Amino acid sequence: MREELQDNMKRLVNFINFARSFFKRKNPLKALLASLLSSLKDMLTIRQKLKMAKYRVNYHKHQLYKMESLIAESNEHTFLKGKNLNETR
């Protein structure tokens with residue numbers, strides 16, 4: 001009975017040592033704190049990120065519109081432009 005108790009105590013101490021070394025190596029509390037802080041930072045800066053995303057979308061829409069208008073100007077088969085060219089000939 002005494003040997004079983006000693007074996008169980010050794011196993012418990014061994015487990016506690018393993019757990020302590022794991023917490024020293026991995027430190028899950030520190031990782032949890034870092035993830036919470038990054039989530040909080042993201043939540044606080046979400047409006048600024050949304051504004052930047054809207055700005056980028058509008059900028060790309062503008063660039064696309066400019067490109068389409070340049071293509072339409074240089075294309076002689078465009079309906080209105082072809083009509084205007086035929087009328088001037």
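This is a predicted model: local features need pLDDT of at least 70, side-chain atom pairs count only at pLDDT 80 or more; totals for chains, interfaces and linings use all residues.
**Whole chain**

Start with the cartoon view of the whole protein. The secondary structure consists of four helices and zero strands, and the order from the N terminus is α-α-α-α. Now switch to a surface view. The protein exposes about 9,100 Å², and 63% of that comes from carbon and sulfur atoms. What percentage of the 89 residues count as buried? The figure is 1%.

Select residues 2-26, which are helix α1. This helix has 25 residues and reaches 36 Å from its first C-alpha to its last, close to the 36 Å expected at 1.5 Å a residue.

Next, show the side chains of Leu5, Met9, Leu12, Phe15 and Ile16. Together they make a nonpolar surface patch of about 520 Å². Is Leu5 buried or exposed? Its relative accessible area is 54%, so Leu5 counts as exposed, because the cut-off for that class is over 50%.

**Phe22 and Phe23**

A search of the whole structure finds two aromatic pairs. For one of them, select Phe22 and Phe23 and look at the rings. Their centres are 5.7 Å apart and their planes stand at 70 degrees, so this pair is edge-to-face; the angle needed for that label is over 60 degrees. Phe22 is partly exposed, with a relative accessible area of 37%. Phe23 is also partly exposed, at 46%.

**Tyr55 and Tyr59**

For another ring pair, select Tyr55 and Tyr59. How far apart are the centres of the two rings? The distance is 6.5 Å, and the planes are at 20 degrees, so the pair is stacked; planes under 30 degrees apart receive that label. Both tyrosines lie in helix α3, residues 46-74. They are four residues apart in that helix, which is about one turn.

**Asn27, after α1**

Go back to the end of α1 and select Asn27, the residue that follows this helix. Asn27 is in the loop between α1 and α2, and α2 covers residues 28-44. Most residues other than glycine have a negative phi. With the side chain shown, Asn27 is partly exposed, and its relative accessible area is 31%.

**The salt bridge**

For the last stop, select Asp42 and Lys49 and show their side chains. The structure holds one salt bridge, and these two side chains form it, with 3.0 Å from N to O.

Technical notes:
Residues are numbered from 1 along each chain as its sequence is written. Side-chain values use heavy atoms; hydrogens and water are left out. Patches are made of residues with over 30% relative accessible area and no salt bridge: like charges are joined within 9 Å, nonpolar side chains (Val, Leu, Ile, Met, Phe, Trp, Tyr) within 5 Å. Accessible areas come from the Shrake-Rupley method with a 1.4 Å probe; for residues, only the protein chains shown count as cover. A salt bridge is a side-chain nitrogen of Lys or Arg within 4 Å of a carboxyl oxygen of Asp or Glu. Helices (H or I, at least four residues) and strands (E, at least two) are DSSP runs, numbered from the N terminus. Buried means under 20% relative accessible area, exposed over 50%, partly exposed in between (1.4 Å probe, protein chains only). Rings of Phe, Tyr and Trp (its six-membered ring) pair if their centres lie within 6.5 Å; planes under 30 degrees apart count as stacked, over 60 as edge-to-face and the rest as tilted. The expected span of a helix is 1.5 Å times one less than its number of residues.
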